[in-house]
Amino acid sequence: MSGTFRHPEPGTPAVPSGRPEPGTPAVPFGRPEPGTPAVSSGRPGPGTPAVLQPIGRCRVMGVVNVTPDSFSDGGHWIDPQTAVEHGLELIERGADLVDVGGESTRPGAVRIDVEEELARVLPVVRGLAGQGVDVSVDTMRARVAAESLDAGAAVVNDVSGGRADPQMVPLVARTAAPVVLMHWRGHSDRMQDLTQYGDVVTDVVAELREQVQRALEAGVAPERIVVDPGLGFSKTGEQNWSVLADLPAFMELGHPLLVAASRKRFLGELLAGVPGSGRPDGTAGVPGSGRPDGTAGVPDSGRHGGLATADGDGNRPVDDREDATAAITTLAAAAGAWCVRVHDPRPSADAVRVVARLAWEKGGSADE
Ligand code: PMM
């Protein structure tokens, strides 16, 4: 696969943990040196930031949402001290880096003001970075990104891919920070209305390419750009599955790939029942989780019994989607993803090691 991000060749020294050695300097941020040559592809090279350097396996990003209302962990980590402790626990449970966000992007969420976002995020970024954790800041705002980088964040994770705040891409260009550009069509209060595609994979790849192009034109070095298809953002459950079925199309953009499926609704829908297959209790499955023709998308033996528990929306409850999340991690890692973003790193940290070991055994890298 030419032009894709690759893990190291077999024979590369043992897979390091990805954790910073004591005394390792933080990822070198600040202004790029004048005259730094532009690099024409996103392949790892001398200018590749440390968190994007190949380590022989997919990385695992743990999530700390410092919000009252995120769908999976909203309200748990709103106190900064508790949030920092949770971030450290995520590292203990196998995260390579921790994503700190102060603004919920759940469907229908309304925006908070920038001061509120800063107040939520900065103490947590500072607390974790101060303990040597590689922190990414999950924000759509240039000011929050800038102040978080000053507070020690190593990565900017912009779910709007630079589209929400016109200052974001120029800000990133002025730093040396890696940036995650996620596919995005609009804010959470209307993103569910923006799910019209010709072919979802073709269109999402094309729109992501435009977002990357805008960043490159603004001066962001290609080796600092990560792409993310944005599962659940302006995508129906079925469209998420289409995207996951074609991760190589996203790898072909030539940048490290982040996959963030953790605990998302489409997993809850799948696990609660598929149209046509029916749930063990005889009720219909969740509309939209199965195939468009209404046939059972997944063979269901009917022996799921206690697995098919449901929340108020009829979906598998959020805290019971971890095994499915790890399954997606396995698939993403096998497809050569740079990183998966998850709420509980432990199962995914194990999964990425299994994938790396097998890739090694097969004499190739995980993305071949
Ligand atoms: N999803 C959420 C938040 N941040 N960042 C990236 N890069 N990609 C995502 O898909 C993504 C994200 C929403 O999930 P959460 O409420 O669990 O954080």
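Strand β2 (residues 97-101) and strand β3 (residues 135-138) run parallel, joined by 4 bridges. Val98 has Val135 of β3 as its bridge partner. This is a predicted model, where local features need pLDDT of at least 70, side-chain atom pairs count only at pLDDT 80 or more, and totals for chains, interfaces and linings use all residues. Residues are numbered from 1 along each chain as its sequence is written.

Some terms. Strands are DSSP runs of E, at least two residues, and helices are runs of H or I, at least four, numbered from the N terminus. Two strands pair if DSSP finds at least two bridges between them.

Now the whole sheet. It is open, has 8 strands and pairs in parallel, in the order β6-β5-β4-β3-β2-β1-β8-β7. β6 and β7 (258-259) sit at the edges with a single partner strand each, so one side of each has no neighbour in the sheet.

Strand β5 (residues 179-182) pairs with β6 in the parallel sense over 4 bridges. Val180 stands opposite Val226 in β6. Between these strands the chain crosses through helix α5 (residues 200-217), and this β-α-β crossover is right-handed. Right-handed means that, with the strands pointing away from the viewer, the path from the first strand over the helix to the second runs clockwise.

Which way do the residues of β6 point? Ile225 and Val227 go one way, Val226 and Asp228 the other, and all are buried. Buried means 20 or more other C-beta atoms within 10 Å of the residue's own; exposed means 12 or fewer; partly exposed is in between; C-beta atoms are placed from the backbone. In a regular strand, side chains alternate between the two faces of the sheet.

On to α5. Its buried residues are Val200, Val204, Leu208, Gln211, Val212 and Ala215. The face turned away carries exposed residues, including Thr202, Glu210 and Glu217. Cover for the buried residues includes α4 (168-174), β5, β6 and α6. Just after α5, Gly219 takes a positive phi of about 105°.

Last, helix α8 (residues 265-272). How many of its 8 residues are buried? The count is 8 of the 8, so α8 is largely enclosed by the rest of the structure. Those residues pack against α6 (237-245) and α9 (322-334). Contact here means C-beta atoms, placed from the backbone, within 7 Å. Just after α8, Gly273 takes a positive phi of about 140°.

Notes
Two residues are in contact if their C-beta atoms, placed from the backbone, lie within 7 Å.
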